[in-house]
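Hi,

Here is the structure I promised to pass on to you. Have a look at it first, and then read my notes below with the model open beside them.

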Amino acid sequence: MKKNVIRLLACVLIGALIWWLYSDDYDSGKPTEFYKIEESKTDRVSYEIYVVHNAPYDTLEIKKVIEKFNLETWSIDSLKKYGGGGRLFYRETKYMTRHFKEGAPYDPKYSSWDNTQDYRNHFKDILMTTSYSINPAGDGDCYYRYWLYWNYWNNIDAKYDNKVHILFRDLDSLYRAKKKEYGIEE
């Protein structure tokens, strides 16, 4: 009898701890906000990095929120101009903030050994990567790729399990289908 009570209390304590750890981070009643922290553009490449405030923890919700944001903010003309593009999304945390600047010191202090802001310190904060690869001649295969990095156990090797590649021939029709999927008016 005592063992069952102890097991029950242990389960309740673990559940309360998990709820407490994650309850502060996501509020379904508030909007998810995106903050661009880095941008790199050349004549052939467009790449952006975002910090996501109030990001959901559910993998499908992360995908929906980020894909909808991309459809609303990534123009077809821009993707065609650069032959595609990529975006990387981080969850906003104490150290991965909307004011993150690689090479600048962390505030508050991150480490007494090395207090320099570095993307390599934030692999566990990555939510999703999205990219388009468009054949400029328009006569070959084009790809929309996304990787969902979320893994409840923070096993970095397993974070790459959720890769999806979508082959398409016409970006306009892919965008129309995706916008219809998310209820975005054109």
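Why is strand 5 (residues 142-148) largely enclosed by the rest of the structure? Of the 7 residues in strand 5, 5 are buried, so the rest of the structure encloses most of this strand. Please keep in mind that this is a predicted model.

Let me stay with strand 5 for a moment and look at its partners. Strand 4 (residues 126-133) pairs with strand 5 in the antiparallel sense, over 6 bridges. In this pairing, Met128 faces Leu148 of strand 5 as its opposite residue. Strand 5 is also paired with strand 6 (residues 162-168), again in the antiparallel sense, over 7 bridges. Here you can find Arg145 opposite His165 of strand 6. As you trace these strands, remember that side chains in a regular strand alternate between the two faces of the sheet.

Now for the wider picture. The chain has 4 helices and 6 strands, and their order from the N terminus is α-β-β-α-α-β-β-β-β-α. It is 186 residues long, and 37% of them are buried.

Nonpolar side chains tend to be buried together in soluble globular proteins. In this model, the largest nonpolar core has 26 residues, and those with the most contacts inside it are Phe89, Leu127, Tyr132, Phe168, Leu171 and Tyr175. At least two residues of this core come from each of strand 2 (46-53), helix 2, helix 3 (76-82), strand 4, strand 5 and helix 4 (171-182). There is also a second, separate core of 12 residues, with Ile49, Tyr106, Ile126 and Tyr149 among them.

What lines the largest cavity? The residues are Glu67, Asn70, Leu71, Tyr132, Tyr144 and Lys178. They divide into 3 nonpolar, 1 polar and 2 charged. Helix 2 (residues 59-73) gives the most to this lining, with 3 residues. The structure holds 1 cavity of 30 Å³ or more, and the space in the largest cavity is about 40 Å³.

A few details in the loops also deserve a look. Most residues other than glycine have a negative phi, and most peptide bonds are trans. Asn54, in the loop between strand 2 and helix 2, has a positive phi, near 60 degrees. Asn54 counts as buried, at 7% relative accessibility.

The loop between strand 3 and strand 4 contains Pro108, and the peptide bond from Asp107 to Pro108 is cis, with omega near 10 degrees. Asp118 is found in the loop between strand 3 (84-91) and strand 4 too. Is Asp118 buried or exposed? Its relative accessible area is 14%, so Asp118 is buried. Not counting residues up to four places away in sequence, Asp118 touches Phe100, Glu102 and Tyr106.

Enjoy exploring, and write back with any questions!

Best wishes

Definitions and conventions:
Residues numbered from 1 in each chain as written. Predicted model: local features only at pLDDT ≥ 70, side-chain atom pairs only at ≥ 80, totals over all residues. Heavy atoms only, no water. 1 Å grid on protein atoms, 1.4 Å probe; cavity = no way out; pocket = protein on both sides within 12 Å on 5 of 7 lines; lining within 4 Å. Points joined across faces, edges and corners; volume = space filled by probe spheres on them. Nonpolar A, V, L, I, M, F, W, Y, C, P; charged D, E, K, R; others polar. Buried < 20%, exposed > 50% of the residue type's maximum accessible area, 1.4 Å probe, protein only. Pairing = 2+ DSSP bridges. Contact = heavy atoms within 4.5 Å. Core = buried A, V, L, I, M, F, W, Y, C linked by side-chain atoms within 4.5 Å.
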